[in-house]
Amino acid sequence: MARAFEDTIETDFSDKLSYTSYLDLDRILSAQKPLSQPEHHDEMLFIIQHQTSELWMKLVIHELTAAIGHVKADRLEPTFKILARVKQIQRILFEQWAVLETLTPTEYAQFRGVLGRASGFQSHQYRTIEFLLGNKDPNAIRVFEHLPELHSRLKQILESPSLYDEFLRHLARRGFDVPKASIERDWSVSYEANPDLLPIFKEIYDHPEKQWDAYEMCEKLVDVEQQFAMWRFRHMKTVERVIGFKAGTGGSSGVGFLREAVFQRMFPELWDVRTMIGT
């Protein structure tokens, strides 16, 4: 038996805000423009996979930017929910690769040529996330020089402290003996591990009851980095599954280039300290 249509349900939206207009669905749903001629069935999958990833990345940037603001203001507690949300978004991004993995090498080869030199390496939102988390490379923004405003925004993020940088600065303000080399440096380069930080994190982990918020922040950061590494690994394996060891459309070596990224570390001391805990 069909469900009864309730009389209270709104049906006239001639002069009211509707679901479609609020979400601007006309524009979003018309943004998929396959270039293959005749249109290849699987190009729609490829486009939607990447467009939805970009939407989720926009939310990650929104959340990480807020988290950095809270840490700068010495408010760690609000970041816990933010980073828990980021972790869940990362989980969705990880699982999305399963959909693209249904694309066989034969199917992709039939429309790959229409991409030209377009590549995920040119995702400014992915680059922004890496910079916010501390994986910095000034060369990475060269592909955006043809877009001066975007290039300028990325350069500003590149030259600003990352989330981990701000956490270390926060710990210094709390009286921890954080080495100056870790909090007064060139922010435009990736953070390098400093063994002098390990006693600080060992103290936090050995006595979480004394500084629970710092202890929880450490674990939330580890959550995010672990999920990021898993996302990168799934990306690399999906690419290997679909194109093997061909070069990337953007000029990279492809799988080899992606494999190196899997093992990059953003919060090294939070991993290294685990060897010392309980000793």
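## Helix 12 and its partner

The buried residues of helix 12 pack against helix 11 (212-243). In this predicted model, local features need pLDDT of at least 70 and side-chain atom pairs count only at pLDDT 80 or more, while totals for chains, interfaces and linings use all residues. Residues are numbered from 1 along each chain as its sequence is written, and side-chain values use heavy atoms, with hydrogens and water left out. Helices (H or I, at least four residues) and strands (E, at least two) are DSSP runs, numbered from the N terminus.

Helix 12 spans residues 255-262, and its buried residues are V255, L258, A261 and V262. Viewed down the axis of helix 12, these residues fall within an arc of 120°, so they line one face of the helix. The arc is that of the directions from the helix axis to the C-beta atoms. Buried means under 20% relative accessible area, exposed over 50%, and partly exposed in between, with a 1.4 Å probe and protein chains only.

## Overall architecture

The protein chain contains 13 helices and zero strands. Its C-alpha atoms fill a box of roughly 65 × 55 × 40 Å, taken along the principal axes. Of the 279 residues of the protein chain, 44% count as buried. Among contacts (heavy atoms within 4.5 Å) between residues at least 6 apart in sequence, 70% join residues at least 24 apart.

## Nonpolar cores

A nonpolar core is a set of buried Ala, Val, Leu, Ile, Met, Phe, Trp, Tyr and Cys residues joined through side-chain atoms within 4.5 Å. Of the 60 residues in the largest such core, L163 and F201 touch the most other members. Two or more residues come from each of helix 3 (43-72), helix 4 (77-100), helix 6 (124-133), helix 8 (163-173), helix 10 (198-206), helix 11 and helix 12. Helix 11 gives the most to this core, with twelve residues. Apart from this core lies another, of seven residues, among them F144, L150, L154 and L158.

Leaving aside its neighbours within four places in sequence, F201 is in contact with Y164, F167, L168, L171, C218, E269, L270 and V273.

## Helix 6 against helix 7

Helix 6 and helix 7 (residues 148-158) pack at an angle of about 15°, with their axes 9 Å apart. That angle makes helix 6 roughly parallel to helix 7, the term applying to angles under 35 degrees. Axes are lines fitted to C-alpha atoms, for helices over the stretch in contact, and angles run from 0 to 180 degrees between N-to-C directions.

On the helix 6 side, H124, R127, T128, F131 and L132 make the contact, and on the helix 7 side L150, L154, I157 and L158 do.

## Two individual positions

R234 lies in helix 11. R234 is buried, with a relative accessible area of 15%. Apart from its neighbours within four places in sequence, R234 is in contact with F94, E95, W97, A98 and E101.

A247 is placed in the loop between helix 11 and helix 12. A247 is partly exposed, with a relative accessible area of 46%. Setting aside its neighbours within four places in sequence, A247 is in contact with R112, S252 and S253. A247 and F257 are ten residues apart in sequence and 9.4 Å apart in space, C-alpha to C-alpha.

Technical notes. Angles under 35 degrees count as roughly parallel, over 145 as roughly antiparallel, 65 to 115 as roughly perpendicular and the rest as oblique.
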